[in-house]
Amino acid sequence: MQARMTNPVQVIPSALPAVLGVLKAAKEGGVDEYTLELVHLRASQINGCAPCIDQGVKQARKGGVGEDKLATVVAWREAPYFSDAERAALALTEAATRLADRPDAVSDEVWDEAARHYDEKGLASLVLMIGVTNLFNRLNATTRQVAGAAW
């Protein structure tokens, strides 16, 4: 596979600090890095972003996510390895990533379950991580960036 073009954040260099700023901010909301990596990985799986999945698995391992979770995050509902808080974060991730799949994109049920486990700052952290991951996914998938390719 060959990329269609250089990654847009490299073509327009002022974009990269802005995107990375959102990523950094997402990590300041009190949600552990472990959960944020699961969120990143799950959104990337949904969007089929090979570079983000590749990088997400590497970052998740580095962040302490075990192999059982990495292998089953795609089927987190059926796997016994996830806490209730992680499940709530993953459900929110799926709903916020698949906005067009249902009339009420992020249902009150999904939101309320996430709010049961995370305070407002934690919810902000999750929503920012989901949003910035979806941005990365769309940039990479649209331009067919290659997994494992160096910038």
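Not counting residues up to four places away in sequence, Ala 43 touches Thr 93, Thr 97, Thr 133, Asn 134 and Asn 137, where contact means heavy atoms within 4.5 Å. The model is a predicted one, in which local features need pLDDT of at least 70 and side-chain atom pairs count only at pLDDT 80 or more, while totals for chains, interfaces and linings use all residues. Residues are numbered from 1 along each chain as its sequence is written, and side-chain values use heavy atoms, with hydrogens and water left out.

Ala 43 sits in helix 3; helices are DSSP runs (H or I, at least four residues) numbered from the N terminus. Its relative accessibility is 0%, so Ala 43 counts as buried. The cut-offs are under 20% relative accessible area for buried, over 50% for exposed, and partly exposed in between, with a 1.4 Å probe and protein chains only. The C-alpha atoms of Ala 43 and Gly 131 are 9.3 Å apart in space, although 88 residues separate the two in sequence.

Helix 3 covers residues 33-47, and its 15 residues should span 21 Å at 1.5 Å a residue; the end C-alpha atoms are 21 Å apart, which agrees. The expected span is 1.5 Å times one less than the number of residues. Along this helix, Thr 35, Leu 36, Glu 37, Leu 38, Val 39, His 40, Leu 41, Arg 42, Ala 43 and Ser 44 are buried. These buried residues pack against helix 2 (15-26), helix 4 (50-62), helix 5 (67-72), helix 6 (84-97) and helix 8 (120-142). Just after helix 3 comes Gly 48, with a positive phi of about 65°.

Helix 4 can be treated in the same way. Its 13 residues should span 18 Å at 1.5 Å a residue, and the distance between its end C-alpha atoms, 18 Å, agrees. Pro 51, Cys 52, Gly 56, Val 57 and Ala 60 are the buried residues of helix 4, and their cover includes helix 3, helix 5 and helix 8. Gly 64 follows helix 4 and has a positive phi, near 100°.

The axes of helix 3 and helix 6 come within 9 Å and cross at roughly 35°; axes are lines fitted to C-alpha atoms, for helices over the stretch in contact, and angles run from 0 to 180 degrees between N-to-C directions. This crossing of helix 3 and helix 6 is right-handed, a term used when the near helix is turned clockwise from the far one by less than a right angle, with anticlockwise giving left-handed. Helix 3 contributes Tyr 34, Thr 35, Leu 38, Val 39, Arg 42, Ala 43, Ile 46 and Asn 47 to the contact, and helix 6 contributes Glu 86, Ala 89, Leu 90, Thr 93, Glu 94 and Thr 97. By class, the contact of helix 3 with helix 6 holds 7 nonpolar, 4 polar and 3 charged residues; Ala, Val, Leu, Ile, Met, Phe, Trp, Tyr, Cys and Pro count as nonpolar, Asp, Glu, Lys and Arg as charged, and the others, Gly among them, as polar.

Helix 6 and helix 8 pack at an angle of about 45°, with their axes 10 Å apart. That angle makes helix 6 oblique to helix 8; angles under 35 degrees count as roughly parallel, over 145 as roughly antiparallel, 65 to 115 as roughly perpendicular and the rest as oblique. Helix 6 passes helix 8 in a right-handed crossing. Ala 89, Leu 92, Thr 93, Ala 96 and Thr 97 of helix 6 meet Leu 126, Ile 130, Asn 134 and Arg 138 of helix 8. The residues of this contact divide into 5 nonpolar, 3 polar and 1 charged.

With helix 7 (residues 108-117), the axis of helix 6 comes within 9 Å and crosses at roughly 145°, and the crossing is left-handed. The contact involves Asp 84, Ala 85, Ala 88, Ala 91, Leu 92 and Ala 95 of helix 6 and Val 110, Trp 111, Glu 113, Ala 114 and His 117 of helix 7. Its classes are 8 nonpolar, 1 polar and 2 charged residues.

Two further residues of helix 6 deserve a look. Glu 86 lies in helix 6 and, at 6% relative accessibility, counts as buried. Leaving aside neighbours within four places in sequence, Glu 86 is in contact with Tyr 34, Thr 35, Leu 38, Lys 69, Tyr 81 and Tyr 118. Arg 87 also lies in helix 6, and its C-alpha atom is separated by 9.9 Å from that of Val 39, 48 residues apart along the chain.

Terms used
Helices (H or I, at least four residues) and strands (E, at least two) are DSSP runs, numbered from the N terminus.
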